[in-house]
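Thanks, I'll keep this brief. I want to go through the aromatic contacts first and then the packing around them.

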Amino acid sequence: MDEQSLHLADENYFESFRVLIDNMSKGHSHMDSSLKFTDCGMAAIFFNNVFMFKPFLEVTEKVSKAKRYFAEVGRPFRVVVREEYSEPVNRAANQLLLKKVDSVPLMVHSSISELQAPTDLNFLQVNDDKTLQDYREVMASAFVFPEWLIEKVLSKGLLKEQHLVMLVGYENGVACTGAMLIQQGDLAGIYWVGTKQGYERKGLAAKVTTQAILTGRERGCTWSVLQASDHGKPVYQRMGFETLAHYHYQVYQPLVAEAE
């Protein structure tokens, strides 16, 4: 896959945070030619992200700008970098006391026309308070997030976003799995795939991911991307996803860094 396609995947990853954060009451995103970041308005580091994608130009200046912003508001943040750190990224990380914490694979499915719809779950698109609450309950259980945080992040404002679709899968009338589609052009980005505790090991993640991709296909998508956990990676490989790159995370904790 060429660099332009990977760049579209990067943009989709950023959009998966931006659309959530901009619909939060205290959240906002920042986008200009030099820097992109999201701030959820709380010390929830998972949702405060600074995105650094290739080409790595003026890395130290960009991350320093983000650091000043988050230090002023007293919140931690993550720097997200696609693929192995270049020397400028390493140098900036060391100067700014960032700590490398994790990495996740960028997985791509380029032949979604071959996917077949699952038949043994009832899927509904989230379009009202009831289905939104079902989706929230599944995600709170799957990701072990407190319900109050889930309600803030998965806000009612998302129902107005035309390029975002949330799906809930029901087994015998019980909401048990869900996924989110972020469409940009012909790209179907899949996020927030989760299964309620007690319903694991039934293949539900693969089924709801497939349904989300098919929803994108109906809307004109021809390929799909996602970021996988260690547990989910084999599931997506069996579906036909390939790992083409990795996203690496470095964390800045204002109080910890200042104490050192």
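I count two rings of Phe, Tyr or Trp as a pair if their centres lie within 6.5 Å, taking the six-membered ring for Trp. This is a predicted model, and by that criterion it holds 20 aromatic pairs.

Let me take one of them. The centres of the Y13 and Y191 rings are 6.4 Å apart and their planes are at 5 degrees; planes under 30 degrees apart count as stacked, so this pair is stacked. Y13 belongs to helix 1 and Y191 to strand 9, residues 187-195, so to speak of sequence, the two are 178 residues apart and the pair links distant parts of the chain. Both Y13 and Y191 are buried. They also belong to one aromatic cluster, whose members include F14, F17, F47, F143 and W192.

Now helix 1 itself, residues 3-21. Its 19 residues should span 27 Å at 1.5 Å a residue, and the end C-alpha atoms are 27 Å apart, which agrees. Of those 19 residues, 14 are buried, so helix 1 is largely enclosed by the rest of the structure.

On to the packing. The largest nonpolar core has 45 residues, and F47, Y135, L154, M180 and W192 have the most contacts inside it. Helix 1 gives the most to this core, with eight residues. There is also a second, separate core of 25 residues, including I112, L115, A188 and F241.

Back to Y135: leaving out residues up to four places away in sequence, Y135 touches, among others, V126, L154, M166, M180, Y191 and W192.

One last item involves a charge. The charged end of R78 sits over the ring of Y249, 4.1 Å from the ring centre.

Terms used. Residues numbered from 1 in each chain as written. Predicted model: local features only at pLDDT ≥ 70, side-chain atom pairs only at ≥ 80, totals over all residues. Heavy atoms only, no water. Helix = DSSP H or I, 4+ residues; strand = E, 2+ residues; numbered from the N terminus. Expected span 1.5 Å × (residues − 1). Buried < 20%, exposed > 50% of the residue type's maximum accessible area, 1.4 Å probe, protein only. Core = buried A, V, L, I, M, F, W, Y, C linked by side-chain atoms within 4.5 Å. Contact = heavy atoms within 4.5 Å. Phe/Tyr/Trp six-rings, centres within 6.5 Å; stacked < 30°, edge-to-face > 60°. Lys NZ or Arg CZ within 6 Å of the ring centre and 35° of its normal.
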